[in-house]
Amino acid sequence: MRLLPANPPPGPTEESFWQSPIRGPWMTSILGSLLLPFVVLVGFTGFMSHAAYNPDLGMNQVVPRDGDLDLLLFDWPTGPTWLYALNQGLHTIVGIMVVPLILAKLWSVFPKLFAWPPVKSPAHALERVSLLLLVGGAGFMWATGLLNSQNYYPWNFNFVVAHYYGAWAFLGALFVHVATKFTTLRTAYAERGVLKPLMDDVAHTEAEPYRKGGLAPEVPEAPTISRRGLLGLVGATSAGLFVVTAGQSIGGPLRSVALLAPRGRGAGGGAQGFPVNKTARLAGITPAKVGPGYRLTLTGGSGQALTREQLTAMPQHTEELPIACVEGWSSTQTWTGVRLKDLAAMAGLGAGQGLQVISLQEKGAFRQTTLSHDQVMNEKSLLALQVGGEALSMDHGFPARIIVPAQPGVHNTKWVTELKVVDV
Ligand code: HEM
């Protein structure tokens, strides 16, 4: 018994409905080939960011860990100092720049959404489910990522957990997709050449040969844009997105036009010339808590409590280090303070041990973080008391904050009140 009519109902399910002369397997193949390296780069830097949190230390993990998908975990290095800034800059900037290419790729295959009959065989049904995961996954990953880069969380789930598991599902579906479409791609390039169709201007643009069930149009319209025109348009849109985004990581004159970077431009609301993600008020830090009664407790061998004056009386060191946020912005600042390794020595840090850093912060995530042995022992790792030659502002973590080279900004804990030796 047939559930659906053999012939498609009138409208988009009919092949003759789709008439763009530049749509076809070659067009989809070139868009897919251009897209692949960027998507792989965004995926790779995403997993590297996950590793940069050192989620296997203390309570650093945001994603509940059963370890099964943490294939790419390793001890995140402390150098080069700009490593995390580069990683997150690439993740967010390339992620945003690639959007026009994804949209063009989806435009190129849009008629397939209406293909008739919707399901031809069990194998076809399976492929369609994987496509649902691919297209839905792309939509989910990019929507959540873009909103997160705008510091906007209009949902009830944990962004990091959803974005992490979503990435595995999306990349799995992408792998299946590229594998199943590889023959189409090879044939398209073999028949038409990899770049040859880009030679034609609008007047010489001809449709790819029609094949039933394929993407080339049955009844092509006259061309209004060439294939290279379409790629140029996509490229120009991506370049435009680069201009309004990249300044948040690259800095320089581009910073002032980083319109898509809410915290990336200029001071970003921060009194000391670089962005503040969490203000003292939001974290529940009052002047009383950081006043004369403030103490830094070193918990370990001897156990001591230091006033801010005692901290300033210790040997001070100055380092130029970037602070780089998971949302993509970064800013290199001059930090002055006490070396973490000096404080760790006072607390009795031994081999195989790191420091748990505890903040005065009452509200919000990351009230504490655990630093690895290498992070603590790095010469550049500081408990910073000053930035840019002046005492930290309240919003930047007064009386004291962590700054460790190459680590995600959110782990550079502000308003530090305790350093505790822990096994790592
Ligand atoms: C965000 C990533 C991607 C999405 C959302 C996506 C989506 C799609 C969809 C929905 C189809 C139609 C499938 C069908 O119903 O038959 C398709 C076809 C295709 N895709 Fe992708 N794709 C992506 C990435 C890629 C990449 C990276 C490549 C190549 C390296 C690629 C190459 C192809 C090819 C060759 C076809 C077949 C075109 C034809 O049937 O003539 N795709 N894609």
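Two residues count as in contact when their C-beta atoms, placed from the backbone, lie within 7 Å. Keep that in mind for the last stop of this tour through a predicted model.

**Stop 1: the ligand**

Of the 24 residues around the ligand, Pro25, Gly32, Val109, Lys112 and Lys181 come nearest. Now color the helices H1 (25-52), H3 (99-109), H4 (122-149) and H5 (159-192): these are the elements that give two or more residues to the shell around the ligand. Which helix gives the largest share of the shell? Pick H1, which supplies eight residues. Next, color the shell by residue type, and you will find 14 nonpolar residues, seven polar ones and three charged ones.

**Stop 2: the sheet**

Move on to the strands. Five of them form an open sheet with mixed pairing, and you can trace the order S2-S1-S10-S5-S6. Click on S2 (304-306) and S6 (368-371) to see the edges, where each strand pairs on one side only. On average, neighbouring strands here are turned by 20 degrees against each other, direction ignored.

In general, strands of a sheet pair through backbone hydrogen bonds, either parallel or antiparallel. Which way do S1 and S10 run? Select residues 296-299 for S1 and 416-423 for S10: the two strands are parallel, joined by three bridges. Zoom in on threonine 299, and you will see lysine 420 of S10 standing opposite.

**Stop 3: a helix across the strands**

Finally, select residues 340-347, which make up helix H9. H9 lies across S1, S2, S5 (353-359) and S10.

Definitions and conventions: Residues are numbered from 1 along each chain as its sequence is written. This is a predicted model: local features need pLDDT of at least 70, side-chain atom pairs count only at pLDDT 80 or more; totals for chains, interfaces and linings use all residues. A residue is near a molecule or strand if its C-beta atom, placed from the backbone, lies within 6 Å of it. Helices (H or I, at least four residues) and strands (E, at least two) are DSSP runs, numbered from the N terminus. Ala, Val, Leu, Ile, Met, Phe, Trp, Tyr, Cys and Pro count as nonpolar, Asp, Glu, Lys and Arg as charged, and the others, Gly among them, as polar. Two strands pair if DSSP finds at least two bridges between them. Axes are lines fitted to C-alpha atoms, for helices over the stretch in contact, and angles run from 0 to 180 degrees between N-to-C directions.
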